[in-house]
Amino acid sequence: TATAKPLPKLSIEAGARVETSQISQSGGTDKKRSFTFVKPRLIAAYALRPSTQLRFRFERVVGQLDFEDFAAGADQATGVVSAGNANLAPERAWVTELVVEQRFWSKGALVLTATHSAVEAVSDVIPIFSGATVFDAPGNLGNGTKDELNANLTIHFDNLGLKGLDLRANYT
């Protein structure tokens, strides 16, 4: 990670992490998979005024595999079968985010966030066919996008003489 402040009102952070993991199962299906992902990140913050800040983030994010989603299992007592998916891959996304934060009074803030994710290997539930039987199991659907808008408001009423009274609202 490297940080720089090229202008008094602008700060930049750039970096990269490498994540490596391995998952395996044995029994009905013997499978071992290894994953390595490079996860770069760029964050920039610009102070328009002391109370107003713009932030930008561009980052590679990688989800985690749950072993129960990877391996199949059966409960002998209940007869419930959980279909796993040994070919499951972690969901990955390139995330672009823009944030506008406006602070007011002493502790209040309005934060507006727009996030776009270009997702690879979208994780969801897929059908698994075994002869005439169909199970639903975790799987990858292909690529997709996810767009999200979020507004977060925090108002502290200390300035109006109502010490300890806060209003918090969040809308996504």
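Student: How many salt bridges does the structure hold?

Tutor: The structure holds 13 salt bridges, a salt bridge being a side-chain nitrogen of Lys or Arg within 4 Å of a carboxyl oxygen of Asp or Glu. This is a predicted model, in which local features need pLDDT of at least 70 and side-chain atom pairs count only at pLDDT 80 or more, while totals for chains, interfaces and linings use all residues. Residues are numbered from 1 along each chain as its sequence is written, and side-chain values use heavy atoms, with hydrogens and water left out.

Student: What makes glutamate 97 and arginine 57 a salt bridge?

Tutor: Their closest N and O atoms are 3.2 Å apart, and the cut-off is within 4 Å, so the pair is called a salt bridge. Glutamate 97 lies in strand 7 and arginine 57 in strand 4 (residues 52-62), 40 residues apart; strands are DSSP runs of E, at least two residues, numbered from the N terminus.

Student: Why is glutamate 97 called buried?

Tutor: Buried means under 20% relative accessible area, exposed over 50%, and partly exposed in between, with a 1.4 Å probe and protein chains only. Glutamate 97 has a relative accessible area of 18%, and therefore it counts as buried.

Student: How do you know whether lysine 163 is buried or exposed?

Tutor: Lysine 163 has 72% relative accessibility, so it counts as exposed. Its side chain meets that of aspartate 158 in a salt bridge, at 4.0 Å from N to O.

Technical notes: Helix = DSSP H or I, 4+ residues; strand = E, 2+ residues; numbered from the N terminus.
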